[in-house]
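This report describes the architecture of the model shown below.

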Amino acid sequence: MADDTRNRPSPTAADDEAFKRELVQLIPHLRAFARTLCGDPAAADDLAQDAMMKAWDARASFQMGTNMKAWTFMILRNQFYSEKRRSWRQSQLDQEAAERTLVAVDDPEAPVALDELRQGLAMLPPEQREALILVGAGGFAYEEAAEICGCAVGTVKSRVSRARRALHAILEGGAYDRDGEPASDAMRSILADAERLSTVR
Amino acid sequence: MSDDEYPKRGRPSRERHADDMIEQRPSGERRKSSAALDEARLRQQAIGVRLRQMFDQVVNEDVPDEFLEILRRADSRSSEQG
């Protein structure tokens, strides 16, 4: 980032307090992002807690006023992939868990079609899934997503575009299959619920 | 809440890149492809709405007390040291 660290006073208790307040507000978003990476809710919360503590420990290097959400997401993502590298066996299990419960929620009233979206997402290559989630659900600009993932903006754009196309194809009919039902049912139920969902937010 | 989450016509700025996936077709199929394009856009928007819904469901869950507890402990530790 910009070479702007000169003459920065050492952090005070008030700085810590402001940082903490902002960090606390980001916890729900960190949990949601972790859930998309890990699948398993308990493992995701462990990851989110680790990321939260890493961010806290590194608070002196964060410049207040810049995008803390993108910064913490980057920390969380790095943490996830470094843990993955440490234990390949575990990551296999994570992947299986992700395929079963990608972004599992404790809401019995959750629309059924979310299941289908979850399963569709689980079929995408991880880097496409991650790009689509950051831009399509996390509300990040392409530039921010590129920073979080440590890649070029054009790379993020093409990953998002390919992810959209692939997800659409999966839900529409190709690879997706559930209990022998025609795959196009997934897309139909998504369309049927979309209008209602748009009024929920 | 607002119409721009799921408009029946027009294109919200947020979803404009959904058009990226539409391929150009020969002019003979223009009318057909225009309908297909609207349909594809609608479907991409529906997926986009769902995707945000899925993420927001987790965002809206109550944060387990553990998170705040861990942070509180770390904070008191650092103020003791400082």
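## Overall composition

How many helices and strands does the secondary structure of chain B come to? Chain B comes to two helices and zero strands. Of its 82 residues, 22% count as buried. These descriptions, like those that follow, refer to a predicted model.

Chain A has nine helices and zero strands, so that its elements, read from the N terminus on, run α-α-α-α-α-α-α-α-α. Buried residues make up 38% of the 201 residues in this chain. Among the contacts in chain A with a separation of 6 or more, 63% are accounted for by residues 24 or more positions apart.

## Domains and their contact

The domain assignment divides chain A into domain 1 (13-104) and domain 2 (107-201). Eleven residues of domain 1 are in contact with ten residues of domain 2. On the side of domain 1 that touches domain 2, the elements giving two or more residues are α1, α3 (68-86) and α4 (88-101) of chain A. Of these, α3(A) supplies the largest share of that side, four residues.

## The largest nonpolar core

The largest nonpolar core holds 52 residues, of which L30(A), A34(A), L47(A) and L76(A) touch the most other members. Helix α1 (residues 13-38) of chain A gives the most to this core, with eight residues. Domain 1 (13-104) and domain 2 (107-201) of chain A both give residues to the core, so it lies between them.

What does L30(A) touch, not counting residues up to four places away in sequence? The residues are A48(A), A51(A), M52(A), T72(A) and L76(A).

## Packing of α1 and α2

Two packed helices are described by the angle between their axes and the distance between the axes. For α1(A) and helix α2 (residues 41-57) of chain A, the axes come within 8 Å and cross at roughly 135°. The two helices are therefore oblique to each other, and their crossing is right-handed. On the α1(A) side, the contact is made by L23(A), I27(A), L30(A), R31(A), A34(A), R35(A), L37(A) and C38(A). On the α2(A) side, the residues involved include P41(A), A44(A), L47(A), A48(A), A51(A), M52(A) and W56(A).

L37(A), found in helix α1 of chain A, is buried, with 24 other C-beta atoms within 10 Å. Leaving aside neighbours within four places in sequence, L37(A) is in contact with L47(A) and F80(A). L37(A) and F80(A) are 43 residues apart along the chain, and their C-alpha atoms are separated by 7.7 Å.

## Packing around α7

Helix α7 (residues 142-149) of chain A packs with helix α6 (residues 126-136) of chain A: the axes come within 9 Å and cross at roughly 140°. That angle makes α6(A) oblique to α7(A), and α6(A) passes α7(A) in a right-handed crossing. In this pair, E130(A), A131(A), L134(A) and V135(A) of α6(A) meet Y142(A), A145(A), I148(A) and C149(A) of α7(A).

How do the axes of α7(A) and α8(A) cross? They come within 8 Å and cross at roughly 105°, which makes α7(A) roughly perpendicular to α8(A). Here Y142(A), E143(A), A145(A), A146(A) and C149(A) in α7(A) meet V153(A), T155(A), V156(A) and K157(A) in α8(A). The buried residues of α7(A) are E144(A), A145(A), A146(A) and I148(A). G150(A) follows α7(A) and has a positive phi, near 65°.

## A residue of α8

A169(A) is found in helix α8 (residues 153-172) of chain A. Is A169(A) buried or partly exposed? With 15 C-beta neighbours inside 10 Å, A169(A) counts as partly exposed, because a buried residue needs 20 or more and an exposed one has 12 or fewer. A169(A) and M187(A) are 18 residues apart in sequence, and the distance between them in space is 9.4 Å, C-alpha to C-alpha.

Note on methods
Residues numbered from 1 in each chain as written. Chains lettered and ligands numbered in written order. Predicted model: local features only at pLDDT ≥ 70, side-chain atom pairs only at ≥ 80, totals over all residues. Contact = placed C-beta atoms within 7 Å. Core = buried A, V, L, I, M, F, W, Y, C linked by C-beta atoms within 7 Å. Domains from an automatic or database assignment. Axes fitted to C-alpha atoms, helices over the stretch in contact; angles between N-to-C directions. Parallel < 35°, antiparallel > 145°, perpendicular 65-115°, else oblique. Left-handed = near helix turned anticlockwise from the far one by under 90°.
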